[in-house]
Amino acid sequence: MIEFKNVSKVYPNGTRGLNNVDLRIDDGEFVVVVGLSGAGKSTFLRSINRLHEVSEGEILINGESITKAGGSELYRIRRDIGMIFQNFNLVRRSSVMRNVLSGRVGYHSTMRMIFGLFPKKDKELAMQSLERVNMPEKAYMRADELSGGQQQRVSIARALAQEAKQVLADEPVASLDPMTTKQVMDDLARINKELNMTMIVNLHFIDVARKYATRIIGLKEGEVVFDGPVEEATDEVFSHIYGRPVNEDELMGEA
Ligand SMILES: Nc1ncnc2c1ncn2[C@@H]1O[C@H](COP(=O)(O)OP(=O)(O)OP(=O)(O)O)[C@@H](O)[C@H]1O
């Protein structure tokens, strides 16, 4: 469970990234965050695992304050939160297996990790994670030999190997074509259902958002202007979030 308690974020230059956000995300939800460019979607997502520090309020992860957590506590809370980025964030020259195993780093001592000594159990878990995204046969290829969609699925496998309870995905399909977008979103949806892993995904395309979300959070200038089940996110609601009618650019079409 993730709780935002009256959270605001003001950047050093005075820009308000988030304004008094107060909401709760329960385990197993598939939340899609939408809004115009600059509405605060990345700020929202990155505040959850404290990649961004909030200026006011507090964020709780499974009842514990990540906002107030220090050193080892922060490390432990972060271990439950997987992150998926638009540009995949893989070590491109390393093997797929190494990249997936890096999801286990938070469970071991620094010394052990310097030598890359992962226990056999971790390797088994990494392989199972690759099976879940239907890529076991790619385990020993270099990450940069894979297509963009495959690389994104490796980053999903990394979050699985991490045994994350919540996954934050910041525009995970922004660099992908419609067919690959479908594969990546289908993987996220399947993992959400099979493992009850909470998904919080920033998306640009409204039709993709509607297809996969159970709940939509709409941001506008850092404020939550809509928060409800996907069934209630009508065209009018999207126009309200965007402050103008939805246009073609915001529909992927073939996904
Ligand atoms: N490091 C920063 N310093 C100053 N202002 C920032 C910083 N990062 C983001 N902002 C500003 O905060 C606001 C919210 O940005 P954010 O990146 O969260 O929006 P977004 O909805 O994710 O947009 P996009 O879809 O373009 O990524 C914007 O006005 C942005 O310019």
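Where is Asn62 found? In this predicted model, Asn62 belongs to the loop between E4 and E5. The sections below place that loop in its sheet and then turn to the other parts of the structure.

## Division into domains

The protein is divided into domain 1, which comprises residues 1-24 + 40-70, and domain 2, which comprises residues 88-165 + 178-198. Between the C-alpha centres of domain 1 and domain 2 there is a distance of 27 Å.

Strands of a sheet pair through backbone hydrogen bonds, either parallel or antiparallel.

Strand E1 (residues 2-10) is joined to strand E2 (residues 16-25) by 6 bridges, and the two run antiparallel. Within this pair, Lys9 is placed opposite Leu18 in E2. E1 and E2 form a hairpin with 5 residues between them, and in the turn Gly14 has a positive phi of about 95 degrees.

E1 is also joined to strand E4 (residues 56-61), through 5 bridges and in the antiparallel sense. Here Lys5 stands opposite Glu58 in E4. E4 in turn pairs with E5 over 2 bridges, again antiparallel, and Leu60 faces Ser65 in E5 as its opposite residue.

## Two asparagines with positive phi

Most residues other than glycine have a negative phi, and most peptide bonds are trans. Asn6, in strand E1, has a phi near 45 degrees, a positive value in a residue other than glycine. The phi of Asn62 is likewise near 45 degrees and positive; this residue is the one in the loop between E4 and E5.

Their surroundings can be described by counting C-beta atoms. Asn6 has 12 other C-beta atoms within 10 Å and is therefore exposed, since a residue with 12 or fewer is classed in this way. Asn62 has 13 C-beta neighbours inside 10 Å and so counts as partly exposed.

Of the 8 residues of H1, 6 are buried, so the helix is largely enclosed by the rest of the structure. The buried residues are Lys41, Thr43, Phe44, Leu45, Ser47 and Ile48. Just after H1, Arg50 takes a positive phi of about 65 degrees.

Which residues are around the ligand? They are Tyr11, Asn13, Thr15, Gly17, Gly35, Ser37, Gly38, Ala39, Gly40, Lys41, Ser42 and Thr43. By class, this shell divides into 2 nonpolar, 9 polar and 1 charged. Helix H1 (residues 41-48) gives the most to the shell, with 3 residues. Lys41 and Thr43 are among the residues around the ligand, and both are also among the buried residues of H1.

## The six-stranded sheet

A second open sheet is made of 6 strands in the order E6-E7-E8-E3-E9-E10, and its pairing is mixed. Its edge strands are strand E6 (81-85) and strand E10 (223-229), each of which pairs on one side only. On average, neighbouring strands of this sheet are turned by 15 degrees against each other, direction ignored.

## Arg98 in helix H3

Arg98 is found in helix H3 (residues 96-101). Is this residue buried, exposed or partly exposed? With 18 other C-beta atoms within 10 Å, Arg98 is partly exposed; a buried residue would need 20 or more.

Arg98 and Tyr140 are 42 residues apart along the chain, and their C-alpha atoms are separated by 8.6 Å.

Note on methods:
Residues are numbered from 1 along each chain as its sequence is written. This is a predicted model: local features need pLDDT of at least 70, side-chain atom pairs count only at pLDDT 80 or more; totals for chains, interfaces and linings use all residues. A residue is near a molecule or strand if its C-beta atom, placed from the backbone, lies within 6 Å of it. Helices (H or I, at least four residues) and strands (E, at least two) are DSSP runs, numbered from the N terminus. Ala, Val, Leu, Ile, Met, Phe, Trp, Tyr, Cys and Pro count as nonpolar, Asp, Glu, Lys and Arg as charged, and the others, Gly among them, as polar. Two strands pair if DSSP finds at least two bridges between them. Domain bounds come from an automatic or database domain assignment. Axes are lines fitted to C-alpha atoms, for helices over the stretch in contact, and angles run from 0 to 180 degrees between N-to-C directions.
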